[in-house]
Amino acid sequence: MTARMLRVAEVTPLSPLVTRFRFECPEGGTLPLFSGGAHVVVEMPDGATLRRNAYSLISDPLDGSGYEIAVRREDAGRGGSRFMHTHVAVGDLLRVGAPVNLFALDLRAKKHVLIAGGIGITPFLAQLRQLTRLQMPFELHYCARSRAEAAGLSLLPDLPQVHAHISDEGDRLDIGAVLAGQPLGTHVYTCGPEGLIEAVAGTATRLNWPKAALHSEAFLSPPPGAAFKVTLARSGITITVGPHQSLLEAMEEAQVDAPWLCRGGACGQCETAVLSCKGRIEHHDHWLSDAEKAAQQKIMPCVSRFQGEDLTLDR
Amino acid sequence: MPGTEFSPSIASRPVYAGLVAQGAMPAIMLADAEGAGALIDLAARDPAVMERAHVIFIPAGTPHGARLRALGARIYHESPSYAACLERFRKALADAHMGTTLYLAGTEGLIGQATAEALAAGLPAGAIQSEHRGSIARRMQCVHCKGITEGVTTDPFTCSHCGLTLFVRDHYSRRLGAFQGVCVDAETPGVLPPVQEIRP
Amino acid sequence: MTMRFNDETFRDDYTFHNSPAAIRRFPFPFDQDSYMYSVNIEPHRRGAAGSVFQHRFDVDEHYVAEMRDREITLRDDPLRCQSLPHMELAGWDFLELVMVSKAEDYPELFELHRDGDRWHWINRPLGIEQRFIFLDATSLPCGPMEYITRQTQGDHALLDQREGNLWMDAGMVTSQADWSLDFDIGMNFFEWHAPVPKAHELGVFQRALKFLLSLQQGAPVRRLNWTMTVNPRLDTSPENYHKWGPEKRTLTAGNVGAKQYLRVELQTLWRMPRSNAVAFPIRCYLLALEDLVTVPKWGRRLHRVLRDLPDELAEYKGFAVNRPLIVDYLSRFDDCAPTSAGIFPDD
């Protein structure tokens, strides 16, 4: 992991719940560039706990003077976003990982259709800049409940291809109308709540779109839950995962070396073999197939939890 | 008659899974010779598949045209060769929208060329279906002169462009719609293995 | 230190030669006395001074001659360099990676001056000075990938990442171990490796792909691959197989030491920023057996590796027909003494 300490250069509230943070090199200089859709993992030393959350980069991918992210405060979450909102101020130093892109544009596409729900607008803010610079055809649809909550509005360029759908104002996105009649070679990208992703996938399938033309990213943060015990066979220890901690975070706290990349159940890096399981794994990831989830022989420690008597992992 | 069964091969060799009806959705169908049978069987399983279909058929001496025409496709067109209908096929792709399925049936040469054309037009691979019927002759690219020899049925064979004797590989380029032919006597000019018929 | 560049050829009269220093720094690929496929990938960290791992892109005494040979190959067959339309951005990424690395690692040979998108590049060994606008392909004499790979030793493939796979969608390939870019361009990881025997069943490609998909910016990796070539020929392409193939049969007990080369590929893999593509330079090193055996450990070990290699691999690597001659020659340098671990010479 090539992470570096970055200085918080700006903290800008965008809406009651969403704040933008800008990071820069403390000694000046430029940061590695990235591609639209990339995220970084921000490390948050929250007391004794080291939290690592992944956030989409929203700044211009071709501008290495700084990285910008937008963080929505999730009061029911494990505390990472609350930490960002309440503890992080201009001048603070935080460790930020190298950009990783698990939601890249397919550069072969003849046209890109971007569909965002709520805070799911974030990866598209960078992609818009990339598409504009590369002069590629696109259209963007941004769905939000109200103008006040639509943090992305002020960050979106005033272009005819950009459409906001504010449901409080009676404007709901008609997915079928958007997908119908798109030219051959169009790719569609969805980021937002599970329901939106499923609705787009469902409509696309009904309209006979092949799967490879559909891309999605759920902004999945590890859900909190009841505490549980896990035995790590290779390390020869048993650890307890706290209610506001992920299994991956608990392993890291116990100094157990575990690979990871997205920390959101998407990339497959942290896949771990289950040696024995008496109980039920709560799979929250998008990586394992339904059959693999039912078999309970693999787990994604970044987002998944467990209920039952015994869970032993090959780690 | 079902599609041809090929023996298992390497990862680059295409697999023709057979046609599966997508219902009354926009479709382009392209078939040659015995490939007509695959379209006839497809329509028998789901007649609705013809409602919005543009069918192009290359009879190549077979008598299947009348039966195909009778399936009631939105557009039915017969063409004496792939070359003759190529511009028509390109126009159909250019006019198509997402949600269109391309059904290909017949020889590997036709399926390969049409697939390459459709991919270049932006049609995703997942929207292309294929079923092999009829001749197992291969479309071969000579790796040396780059010329394509159609209808190759023996291994080795003579490149119709540069005249080298080439052996038939299973390595296949989707972009070219062709298998690779490599000089069989490159190290020992004139020493040739016996000629064999290609098997499925 | 000023580098001296050999005046030498890789075809016809084959005047290619390694200096004693070049022999010592040869990346001998076997770290034990036997060989089988493995996912032998390690971080591409800066290696010892003087080694081929010292710099991100190794420039050695063969640089100028290799670039001259590439030019000849491209003149005969321009299709050795191709880029599918969506790969131009990756080409710029790669141009930047090479120019920045070389200017930092070899300041006496290369200079890069950047003022926003206005770039100024100086390549002293090849006598090139170029001002251009970054991301504007019309400001270069050819596409960005072709431009920089005409100035960078080794073959180069640019891999697009999508659908959980890597796609060979651009490349400059003039010194390949018998594969055709013109044929393979557009293929995914499993397809372009399809002709490799055995490795598929071993799951090597599945594991390697999984690893490469998560390759990160700023953390390049490398591996060594190898084959055998008669004569120091860079262009062992399938395209010209009928031209160089007969040379393979000219080996005799008398000339095997001089004419038979161990051909090693230093393959590196880099995640690139703007395109998210993976750059895959494949750098070729050639060493005649008679030079190789001047390092006693290498002579002993190569004998054992080639003697015990499964027939299928010797066949695939294209030297089965010459194996008896090669093994017989090398056996004279194998006194059955034990060899030390690792790839480097003992002294």
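This is a predicted model: local features need pLDDT of at least 70, side-chain atom pairs count only at pLDDT 80 or more; totals for chains, interfaces and linings use all residues.
Visitor: How much area do chain B and chain C bury between them?

Guide: Start with contacts, meaning heavy atoms within 4.5 Å: 24 residues of chain B are in contact with 27 residues of chain C. Buried area is the accessible area (1.4 Å probe) that two parts lose on being put together, summed over both. Carbon and sulfur atoms carry 58% of it here, and the total is about 2000 Å².

Visitor: How many salt bridges are there between chain B and chain C?

Guide: The rule wants a side-chain nitrogen of Lys or Arg within 4 Å of a carboxyl oxygen of Asp or Glu. B:Lys146 and C:Glu239 make one, with their closest N and O atoms 2.7 Å apart. The count between the two chains is 6 salt bridges.

Visitor: Which strand of chain B gives the largest share of the side that touches chain C?

Guide: Strands here are DSSP runs of E, at least two residues long, while helices are runs of H or I with at least four, both numbered from the N terminus. Strand 10 (165-173) and strand 11 (178-183) of chain B each supply at least two residues of that side. The largest share is 5 residues, and it comes from strand 11.

Visitor: Is helix 1 of chain B mostly covered or mostly open, and how many of its residues are buried?

Guide: Buried means under 20% relative accessible area, exposed over 50%, and partly exposed in between (1.4 Å probe, protein chains only). The buried set includes B:Leu39, B:Ile40 and B:Leu42, and the buried residues pack against strands 1, 2, 4 and 5 and helix 2 of chain B. Helix 1 (residues 35-45) is mostly covered, with 8 of its 11 residues buried.

Visitor: Which side chain does the side chain of C:Glu104 make a polar contact with?

Guide: C:Glu104 is in helix 3 (residues 88-105) of chain C, and at 52% relative accessibility it counts as exposed. A polar contact is a pair of N or O atoms within 3.5 Å; within protein, one must be able to donate a hydrogen and the other to accept it, and residues adjacent in sequence count only if both atoms are side-chain atoms. At 2.7 Å, the partner is the side chain of C:Arg56.

Visitor: Where is the cis peptide bond in chain B, and what is its omega?

Guide: B:Pro156 is in the loop between strand 8 (154-155) and strand 9 (157-158) of chain B. The cis bond joins B:Asp155 and B:Pro156, and omega is about -5°.

Visitor: Is C:Tyr14 buried or exposed?

Guide: C:Tyr14 is found in the segment before helix 1 (20-24) of chain C. Its phi is near 45°, a positive value in a residue other than glycine. With a relative accessibility of 15%, C:Tyr14 counts as buried.

Notes
Residues are numbered from 1 along each chain as its sequence is written. Chains are lettered from A and ligands numbered from 1 in the order in which they are written. Side-chain values use heavy atoms; hydrogens and water are left out.
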